[in-house]
Amino acid sequence: MGIVAGLDSSAEFTRIVVCDTDTGAVLRQGYAAHPGEPKAVDVDPQTWLLSLGEAATGGLLEGVEAIGVSAQQHGLVPLDAQGGLVRPALVRNDKRAQVAAADLVESLGGRQAWAEAVGSVPGAGQAVAKLRWLARTEPENAQRVAMVLQPHDWLVWQLLGRPARRTTDRGAASGTGYWSVRTGTYRPDLVDLALGHQAVLPEVLGPSDAAGITPEGLLVSAGTGETMAAALGLGLGPGDAVVSLGASGSVMAVHHEALADPSGMITSFADATGMYLPVVSTSNAVRALRGTAEMLGVESLEELSALALKSTPGASGLVLLPYLEGERTPSLPHTAGTLSGLRRESMKPEHLARAAFEGMLCGLTDAMDVLRGRGVEVRRVFLLGAAAALPAVQALAPALFGAQVVVPQPADYAALGAARQAAWALGVARGTLSPSAPPAWQGAVAQILEPGGELSVGQAVRQQYVATRDQIHPGAFGA
């Protein structure tokens with residue numbers, strides 16, 4: 001038995017878990033919020049080190065032999081030729097870079113050109129768009145940029161004592177907009193296109209590689225982005241998909257190859273094991289539930305859920321297309337939501353409540369079908385987010401998704417994934433584990449929901465939704 005640690009430096013806090021190398025059992029945990037403004041888009045990276053130090057107090061890392069680092073993905077740390085910070089790190093899905101992202105799309109020749117080049121179309125959160133924004137709005141700072149890191153890269157570099165070698169992993173690199181998921185190589189020409197000159201990029205390590213050894217003798221694994229670390233912590237494999245229920249939503253699946261999508265609906269990431277994580281996002285998920293609750297004068301989503309379960313499948317013919325903030329999947333950025341099927345008998349609070357849940361889940365099924373249409377197998381769906389615990393979500397999801405639904409207990413999955421990666425790198429370094437597969441840790445404690453006899457009912461509800469969607473937005477999915 002050995003002991004490893006996983007560190008997750010998210011946008012607002014640092015979490016550390018200390019785990020048994022053989023089983024993944026959590027032995028100790030630490031937490032600290034980042035100092036400063038929680039929602040800031042310009043951040044001093046030193047705040048990440050301060051919260052790391054606070055989270056690791058009290059001998060938390062005593063006996064730890066290796067550590068893995070997970071960190072927020074929408075981040076850019078611009079460094080000068082001496083390794084000094086040019087300006088505060090640019091983080092989050094920074095709307096200031098939206099024009100820069102659109103400018104880049106046009107400069108390369110359109111969405112298809114980007115999809116073929118790197119596997120995704122630039123968005124405001126990606127490092128490539130942040131570089132373009134920097135070049136356009138802070139040209140003097142842009143000229144000083146000699147090296148570009150992401151938050152996880154920078155933290156690993158700091159832990160190792162700022163060596164000459166800087167590293168990243170394929171998971172984090174795949175979110176930059178200048179690393180090709182298909183070829184596994186950088187596109188320096190896209191850095192030049194965005195920044196106006198070349199910059200040194202970190203070496204991309206393999207999934208089980210070590211980035212180095214700290215001055216204290218601690219092995220540091222390659223690290224990765226939060227999404228990839230969470231997938232590793234959940235124990236995802238081929239046939240698994242993750243549906244994330246936030247204000248907006250996303251569907252992510254494990255796949256054996258990179259997917260280039262000219263429409264831009266699919267963003268292709270690499271994962272932390274050698275596989276791929278294609279993602280399809282929606283603009284509306286839980287925000288549709290909250291809007292419905294406000295309309296009905298219902299105080300909580302739990303109350304809305306109970307109301308929805310008083311209705312019947314199909315909500316007495318009511319269909320809610322939940323495009324309240326426009327929609328990304330399908331691409332309807334300027335549309336609005338639609339409530340269809342109003343009849344005297346359907347104009348009851350419980351039917352509208354159910355239509356909201358069915359509409360949200362059918363919208364996410366649309367996203368899942370984009371992946372299925374490209375050959376991605378979905379046998380099991382992991383449902384994440386606070387709304388996953390709502391009885392109405394759990395009652396409807398298996399039949400609408402047409403798959404087994406897994407609702408994991410809340411846990412620090414990104415930190416667990418980072419720890420699992422650390423155990424992998426440590427085992428490979430010692431010759432006790434194969435570089436081809438991470439250690440087999442205990443799976444997430446979860447509730448399992450089967451579609452059972454409700455599958456045909458779910459298909460009927462889905463058909464009602466699709467018919468309404470295609471009538472109101474014909475050709476939205478290219479039909």
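These are my notebook entries on a predicted model of one protein.

**Entry 1: the whole protein**

I began with the overall build. I counted 15 helices and 24 strands in the protein. Next I looked up the radius of gyration, which is 23 Å. The globule rule gives 23 Å for 479 residues, so the protein is as compact as a globular protein of that length. I also noted the box that the C-alpha atoms fill. Along the principal axes it is roughly 70 × 50 × 40 Å.

How much of the protein counts as buried? I found 56% of the 479 residues. Residues 24 or more positions apart account for 71% of them.

**Entry 2: helix α6**

I went to α6, residues 151-159. Is this helix enclosed or open? Buried means under 20% relative accessible area. By that cut-off, 8 of its 9 residues are buried, so the rest of the structure largely encloses the helix. I wrote down the buried ones: Pro151, His152, Asp153, Trp154, Leu155, Val156, Trp157 and Gln158. I then stepped just past the end of α6. There Gly161 takes a positive phi of about 85 degrees.

**Entry 3: Arg87**

Where does Arg87 sit? I found it in the loop between β6 (75-79) and β7 (89-91). Is Arg87 buried or exposed? Its relative accessible area is 9%, so Arg87 is buried.

I checked which side chains Arg87 meets through polar contacts. Another, of 2.7 Å, links the side chains of Arg87 and Glu138. I then listed what Arg87 touches, leaving out residues up to four places away in sequence. The list reads Asp42, Pro78, Trp133, Leu134, Glu138 and Asn141.

**Entry 4: the second largest pocket**

Last, I looked for empty space. Rolling a probe the size of a water molecule over the atoms shows where such space is left. I picked the second largest pocket, with a volume of about 360 Å³. Its lining has 20 residues. Which of them are closest to the centre of the pocket? I noted Gly233, Leu416, Gln442, Gly443 and Ala444.

I got 12 nonpolar, 7 polar and 1 charged.

Key. Residues are numbered from 1 along each chain as its sequence is written. This is a predicted model: local features need pLDDT of at least 70, side-chain atom pairs count only at pLDDT 80 or more; totals for chains, interfaces and linings use all residues. Side-chain values use heavy atoms; hydrogens and water are left out. On a 1 Å grid over the protein atoms alone, a cavity is a set of points where a 1.4 Å probe fits but cannot get out, and a pocket is an open set with protein on both sides within 12 Å along at least five of seven lines; lining residues have an atom within 4 Å of a point. Grid points are joined across faces, edges and corners, and a volume is the space filled by probe spheres set on the points. Ala, Val, Leu, Ile, Met, Phe, Trp, Tyr, Cys and Pro count as nonpolar, Asp, Glu, Lys and Arg as charged, and the others, Gly among them, as polar. Helices (H or I, at least four residues) and strands (E, at least two) are DSSP runs, numbered from the N terminus. Buried means under 20% relative accessible area, exposed over 50%, partly exposed in between (1.4 Å probe, protein chains only). A polar contact is a pair of N or O atoms within 3.5 Å; within protein, one must be able to donate a hydrogen and the other to accept it, and residues adjacent in sequence count only if both atoms are side-chain atoms. Contact means heavy atoms within 4.5 Å. The radius of gyration is taken over C-alpha atoms; the globule rule is 2.2 Å times the number of residues to the power 0.38.
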